Structure formats: structure tokens, C-alpha cells
Amino acid sequence: MTDFPIDDRNRLRRKPARGSFDRDIIYPIIDEAPICHVGFAENGQPFVIPTLHARHDDTLILHGAKASRLLKHIEAGHPVCVAFTLLDGIVLARSAFSSSVNYRSAVVFGAGRIIDAEDEKMHALELVTNHIVPGRWSEARIPTPKEMHATSVVSITIEQASAKVRSGPPGDEEEDYALPIWAGVLPLATWVGDPVPDPRLAEGIPTPESVGRYVQSQTR
Ligand SMILES: Cc1cc2nc3c(=O)[nH]c(=O)nc-3n(C[C@H](O)[C@H](O)[C@H](O)COP(=O)(O)OP(=O)(O)OC[C@H]3O[C@@H](n4cnc5c(N)ncnc54)[C@H](O)[C@@H]3O)c2cc1C
């Protein structure tokens, strides 16, 4: 059984047929999303903050400056809601009303803790680094004790989650299919350009394997 428990927090009310509570649907969305948006409330004021992430089993890992309000909120054990969005296409229906987007999105609920133990913290930072470009950690210089001290790393237990996916052509009203209006889908994908070497790169350093693999994997 890979489904998350469902209650009022994660039950899809709008278009539930597009939804799923299955880890096998939800986790690939989290893993493919380069960034997430973390929502939390403080004294009744909602905030939504974009940030990098990584996933390890049923936990999310976030990192940042020690002074980060978001990380302090999580360290204190308060609940958060994290959203992940992959945009796959613009759906142009014959009517403005039925126009839409194709997407894969996930919403996660949980609460977290700070990761203090040095080896666990280092491993969590490795996961976040490799989430962006797989394999980059083993090519880069690892953090110094001073950098580690300046960084907070938190782990959020995924208590509940949901996914919602739209794919396919527009869904126009039956009478609109006869209209002389173009309809269809504009596929969207993240574009990855050729690597741009740092102007201060020392001579003779080739593009690393991780970067080559990443560019290859993102190129159609
Ligand atoms: C890129 C993108 C663009 C969208 N544009 C629109 C738009 O313009 N108008 C519009 O009405 N809707 C849009 N949606 C759908 C939108 O995300 C909501 O699902 C919808 O608006 C219903 O909101 P609600 O609060 O009534 O959801 P409810 O169904 O009441 O939400 C209940 C629970 O369902 C889950 N849930 C809801 N939405 C999502 C989701 N997208 N992904 C994962 N879990 C979810 C959450 O756990 C949530 O707590 C868009 C979605 C994406 C990903």
C-alpha cells in the first residue's frame, strides 16, 4: 500500500478524478521539480517561500541560512504545506473558459525538525546538491566547518500528500467543436542551454561529467 492517508487536509474536492494519493505518482513529481514553494502561517499571516529541496524516502530536506525565518519555523516543529509544480503545456481551447494548462503537481503536508548531527547534515546537503545536478556533490568542494555552522538543514516528515495531473487536449463544450477557432496544446519543457564557463575558470578544466549528463538528460 503506497497511498497516503486521506482526510480533510488533502482530499481533492475540485476535479478529484485528476488526483492521486499514491507515492508512486507523487514522489516522481517531487523528484523532478527543481524547486518547491513552502507555505506556512505565522500569527495568522500566510507566507509562501520558494526554495530548493531534496527528498529522502518519506522526508523532504530543505536548507538555508541560519537566520532564515522559514527554517526557524520548521525547526520549531510548526506545520508546513509544500507545493511542487511541473508545467507540461498550454491548453488552448476554443473557448476562453475551457482553456487550461497541462501539469503535474503535488502538495505535501508535514512538520519538521532540525538536522544537527554532523554526518546526517552533510548527507542531507549532499542530497540537496545532487537533486539539482545529479553527481555534482562528488565533483564540488565539500562544505567547511564554518560553512556548515552558517547553514541550517531541516527534515520534514511527509505526513500526507496529494497529486493532481492534467494531460491531453482541450475539453471544449460539445457545441464549440464546430467553431472555426484553432484549438490544441503548446507543449512546454524546461530549456537547458549550453554550459557557460565561469569567466574566472582556470585553463584546461573540462566540463564535468555531471553537467554533460544533465544537459543530455534535459535535451529533447
Ligand atoms: C499550473 C497549475 C495551474 C492551475 N490553474 C488553475 C486555475 O487557473 N484555476 C483553478 O481553479 N485551478 C487551477 N489549478 C488547479 C488548482 O491547483 C486547484 O487544484 C484548484 O483551484 C482547486 O483548488 P481548491 O483549493 O478548491 O482545492 P481543493 O480540491 O479544495 O483542495 C483540497 C486538497 O486537494 C489537494 N490539491 C488541490 N489542488 C492540488 C494540486 N493542484 N496539486 C496537488 N494537490 C492538490 C491539496 O491536498 C488540497 O489541500 C491549477 C493547477 C496547476 C498545477
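Visitor: Which residues of helix α1 are buried?

Guide: The model is a predicted one, and in it helix α1 covers residues 23–32. A residue is called buried if 20 or more other C-beta atoms lie within 10 Å of its own. In α1 that description applies to Ile26, Ile29 and Ile30.

Visitor: Why do the buried residues of α1 line one face of the helix?

Guide: On the other side of α1, Asp24, Asp31 and Glu32 are exposed. What covers the buried residues includes the strands β1 (19–20), β4 (54–56), β6 (79–92), β7 (100–114) and β8 (151–166). Seen down the axis of α1, the buried residues line one face because they fall within an arc of 100°.

Visitor: Which strand gives the largest share of the shell around the ligand?

Guide: The ligand is surrounded by 16 residues, and the closest are Asn10, Arg13, Arg14, Ser105 and Lys164. At least two residues of this shell are supplied by each of β6, β7 and β8, strands that are also among those covering the buried residues of α1. The largest share, five residues, comes from β7.

Visitor: How many residues of the shell around the ligand are charged?

Guide: The shell divides by residue type into seven nonpolar and four polar residues, with the remaining class being the charged one. The charged residues number five.

Visitor: What share of contacts in the protein between residues at least 6 apart in sequence joins residues at least 24 apart?

Guide: The secondary structure of the protein comes to five helices and nine strands, and buried residues make up 20% of its 220 residues. Among the contacts in question, the share joining residues at least 24 apart is 72%.

Definitions and conventions:
Residues are numbered from 1 along each chain as its sequence is written. This is a predicted model: local features need pLDDT of at least 70, side-chain atom pairs count only at pLDDT 80 or more; totals for chains, interfaces and linings use all residues. A residue is buried if 20 or more other C-beta atoms lie within 10 Å of its own, exposed if 12 or fewer, and partly exposed in between; C-beta atoms are placed from the backbone. Helices (H or I, at least four residues) and strands (E, at least two) are DSSP runs, numbered from the N terminus. The arc is that of the directions from the helix axis to the C-beta atoms. Two residues are in contact if their C-beta atoms, placed from the backbone, lie within 7 Å. A residue is near a molecule or strand if its C-beta atom, placed from the backbone, lies within 6 Å of it. Ala, Val, Leu, Ile, Met, Phe, Trp, Tyr, Cys and Pro count as nonpolar, Asp, Glu, Lys and Arg as charged, and the others, Gly among them, as polar.
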